[in-house]
Amino acid sequence: MSIGDEIRFRYERYWSNNFGSPPKPDEDYLRYRQLPYVGLHLGSDLTVFGQMQIAYGTRESALKNPFVDETGFDIVQGFVEWRPVAGSDFQLSGRAGRQVLFFGSGRLINSGPNIRTAFDGGLVQLQAGGWTADAFLVRPVRPGLGSFDNGPDPSRAVWSLYVSRALPGMGPGAALDFYYIGYESDLTAVNQGKAPEHRHTLGSRFAGGAGAVKWDVEGNVQLGRFGEADIVAWSLATDEIYTYAKYPLQPWVGLRVAVVSGDGDPHDNKLGTFNAMFPEGGYFGENGVLGPSNLILIRTTLGLDLTSGWSLATGMTLYWRASLSDGIYGLAGNLLRPSDASTARLVGPQFDAALAWQANRNLGFAAAYSVIVPGGFVADTGPAWTVHFVGGQAMFRY
């Protein structure tokens with residue numbers, strides 16, 4: 001038997017969230033999340049795993065969202081894993097039940113920004129030599145604000161084949177990934193309108209590290225149908241970090257560049273808006289205002305190891321609209337601002353700073369500040385207040 005837990009308290013404060021748009025631009029709240037688990041290992045080939053999610057938030061009732069704020073007591077994972085073949089060069093396993101999934105960079109299949117994203121269904125994994133292949137068919141779990149009210153979402157489904165090839169000769173952790181992800185939803189809302197969606201994503205990722213350098217390059221294309229329109233969307237992202245290990249405080253610098261397609265014409269029979277499906281929460285910095293659709297971004301970062309478990313990271317990001325005929329979107333894929341015939345491309349610059357202290361292997365603390373200054377597009381399409389965000393958290397895990 002193996003047992004463990006993770007307990008997190010997180011405070012967040014926004015001034016002029018979503019650039020001052022309703023429902024409540026200025027608010028603060030405290031979030032509590034706990035993730036206790038138990039695993040029963042019945043011999044070498046069978047595991048039964050269960051994990052609870054206990055999550056509460058102090059936001060106003062009208063604003064509480066079960067996807068990010070509160071779910072009460074619920075089962076976030078409960079699955080059986082069977083390994084009928086487990087050799088040194090060839091392994092086969094299958095998993096059935098409720099589980100949290102994370103693949104590759106986490107840009108498309110991720111565990112969620114606060115409330116864990118769970119899926120009901122099955123997964124099969126094959127490992128042979130340096131190859132790993134995962135195939136799964138699942139439905140995302142639709143959370144509720146009450147306890148034990150989560151269930152599979154009948155309006156959405158996800159299926160995938162994700163293949164990864166380890167490249168140890170290029171450095172520890174280096175790998176080349178190829179993947180296909182299928183996604184369908186009974187109703188999706190974008191700048192072009194609302195319609196059922198059936199989308200196919202084909203992509204590849206090359207990531208790893210060698211010496212002082214880490215890299216992550218990923219590109220994909222999406223095809224399918226959105227109502228009567230054809231989907232043709234794409235994204236390209238690159239992320240590099242260089243660490244100056246021989247200098248005091250071991251400074252590191254990073255560069256992230258991403259282009260995520262938007263729609264070229266809201267009135268034609270084509271849709272170019274990219275759908276990240278289940279994206280990473282912190283990919284764009286410390287706040288959760290903007291999401292990965294119709295964006296061009298350049299992000300530079302600088303970090304320092306302050307010793308004794310302390311670290312400091314700063315970042316500056318510039319955002320532009322990829323297409324002038326599409327709006328900007330939130331992290332959940334929700335439309336924040338329609339295009340409204342604005343010809344401005346700049347969404348705005350963002351500045352971040354985060355201080356963290358890992359007191360020991362079990363206990364950690366972090367605090368962050370972020371500001372987004374509205375650009376021309378935001379000013380053209382509604383309230384254009386500067387967004388300020390302050391957050392802090394304490395986490396204990398074993």
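Modeller: Gln250 is partly exposed, because its relative accessible area is 37%, and the label covers values between buried (under 20%) and exposed (over 50%), found with a 1.4 Å probe and protein chains only. This is a predicted model, in which local features need pLDDT of at least 70, side-chain atom pairs count only at pLDDT 80 or more, and totals for chains, interfaces and linings use all residues. Residues are numbered from 1 along each chain as its sequence is written, and side-chain values use heavy atoms, with hydrogens and water left out.

Gln250 sits in the loop that runs between S15 and strand S16 (252-260). Strands (E, at least two residues) and helices (H or I, at least four) are DSSP runs, numbered from the N terminus. Setting aside residues within four places in sequence, Gln250 is in contact with Thr243, Tyr244, Ala245, Gly303 and Asp305; contact means heavy atoms within 4.5 Å. Trp357 is 107 residues from Gln250 in sequence, and their C-alpha atoms are 16 Å apart in space.

The largest nonpolar core has 25 residues, and Leu101 and Val158 have the most contacts inside it. Such a core is a set of buried Ala, Val, Leu, Ile, Met, Phe, Trp, Tyr and Cys residues joined through side-chain atoms within 4.5 Å. Two or more residues each are given to this core by strands S8 (118-128), S9 (131-142), S11 (156-166), S12 (175-190) and S15 (229-243). S12 supplies the largest share, 4 residues. Apart from this core lies another, of 20 residues, including Ala258, Tyr283, Leu295 and Val378. In soluble globular proteins, nonpolar side chains tend to be buried together.

The side chain of Arg205 makes a polar contact with the side chain of Asp216 at 2.8 Å. A polar contact is a pair of N or O atoms within 3.5 Å; within protein, one must be able to donate a hydrogen and the other to accept it, and residues adjacent in sequence count only if both atoms are side-chain atoms. Among the residues that Arg205 touches are Gly104, Tyr162, Leu176 and Asp177.

Salt bridges come next. The whole structure has 23 of them, each being a side-chain nitrogen of Lys or Arg within 4 Å of a carboxyl oxygen of Asp or Glu. Glu6 counts as buried because its relative accessibility is 13%, and Arg33 counts as buried because its value is 4%.

Glu12 takes part in two salt bridges. One is with Arg10, at 2.8 Å from N to O; the other is with Arg31, at 3.5 Å. The pair of Arg31 in strand S3 and Glu12 in strand S2 links distant parts of the chain, 19 residues apart. Glu12 and Arg10 are buried, and Arg31 is buried too. A network of salt bridges links Arg10, Glu12, Glu27, Arg31, Arg59 and Asp69.

The loop between S2 and S3 holds two backbone features. Most residues other than glycine have a negative phi, and most peptide bonds are trans. Phe19, found in this loop, is not a glycine, yet has a positive phi of about 65 degrees. With a relative accessible area of 1%, Phe19 is buried. Pro23 lies in this loop as well, and a cis peptide bond, with omega about 15 degrees, joins Pro22 and Pro23.

Asp340 also has a positive phi, about 50 degrees, without being a glycine. Asp340 lies in the loop between strand S21 (335-337) and strand S22 (346-358). Its relative accessibility is 48%, so Asp340 counts as partly exposed.
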